[in-house]
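Let's take a walk through this model together. Have the sequence and the 3D view open side by side.

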Amino acid sequence: MSGMTEEQEQIDFAYSVFDRGCPSRGTLEHVTGRWGGLTLGTLHEGPLRFNELRRRVEGVSEKMLSQTLHALERDGLVRRKAQPTNPPRVDYDLTPLGRQVAERLLALIHCVEGSMNDILAAREEYDARQPS
């Protein structure tokens, strides 16, 4: 037995990312989008300030990182901690749920990175078959 009530189990089964109106689609988009995935992967290493995070996630604009962090915070994956200092200090870290998601995402990232030789060979093969 899972320890969940029948109502909780019904709610869990009510979500399907394959259904057009399912709210899980938005969260999946936030997690698997370029900046969301990179942000979660980077924060898996530990809390960071905004500018530290921006330097680590190369290529992300300030505006895009801000939007990404807001979306991930709203989804309950990232926590924003404002320190009462002068100047103010804000740190971002993963929630327990964010850590679970980031670990799964990092497994996918490592799989892709470890397969890049095969992927690049497949691309070359594909491109060679295409008409000029």
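Is R79 buried, exposed or partly exposed? With a relative accessible area of 33%, R79 counts as partly exposed. Keep in mind that this is a predicted model.

R79 has a salt-bridge partner, D93, and the closest N and O atoms of the two are 3.3 Å apart. The pair ties together distant parts of the chain, since R79 sits in strand 2 and D93 in strand 3, 14 residues apart. D93 has a relative accessibility of 12%, so D93 counts as buried.

Another salt bridge joins the side chains of R89 and D91, at 3.0 Å from N to O. Shared partners also link R79, K81 and D93 into one network of salt bridges. R89 is partly exposed, at 33% relative accessible area, whereas D91 is buried, at 12%. Elsewhere, R54 and E62 meet through their side chains at 3.8 Å, N to O. R54 is partly exposed at 33% relative accessibility, and E62 is partly exposed too, at 48%. The whole structure holds six salt bridges.

Six bridges connect strand 2 with strand 3, and Q83 is found opposite R89 of strand 3. In the loop between strand 2 (78–83) and strand 3 you'll find P87. Have a look at the peptide bond from N86 to P87: it is cis, with omega near 0°. For background, most peptide bonds are trans.

Next, head inside. The largest nonpolar core has 19 residues, and those with the most contacts inside it are L40, L43, L53, L69, V78 and Y92. Among the elements giving two or more residues to this core are helix 4 (50–56), helix 5 (62–74), strand 3 (89–94) and helix 6 (96–114). Helix 3 (34–43) is another of these contributors. In general, nonpolar side chains of soluble globular proteins tend to be buried together.

Zoom in on L53. Setting aside neighbours within four places in sequence, L53 is in contact with T39, T42, L43, L48, L65 and L69.

Finally, how many of the ten residues of helix 3 are buried? Eight are, which leaves helix 3 mostly covered. The buried ones are W35, G36, G37, T39, L40, G41, T42 and L43.

Key: Residues numbered from 1 in each chain as written. Predicted model: local features only at pLDDT ≥ 70, side-chain atom pairs only at ≥ 80, totals over all residues. Heavy atoms only, no water. Core = buried A, V, L, I, M, F, W, Y, C linked by side-chain atoms within 4.5 Å. Buried < 20%, exposed > 50% of the residue type's maximum accessible area, 1.4 Å probe, protein only. Helix = DSSP H or I, 4+ residues; strand = E, 2+ residues; numbered from the N terminus. Contact = heavy atoms within 4.5 Å. Pairing = 2+ DSSP bridges. Salt bridge = Lys/Arg side-chain N within 4 Å of Asp/Glu carboxyl O.
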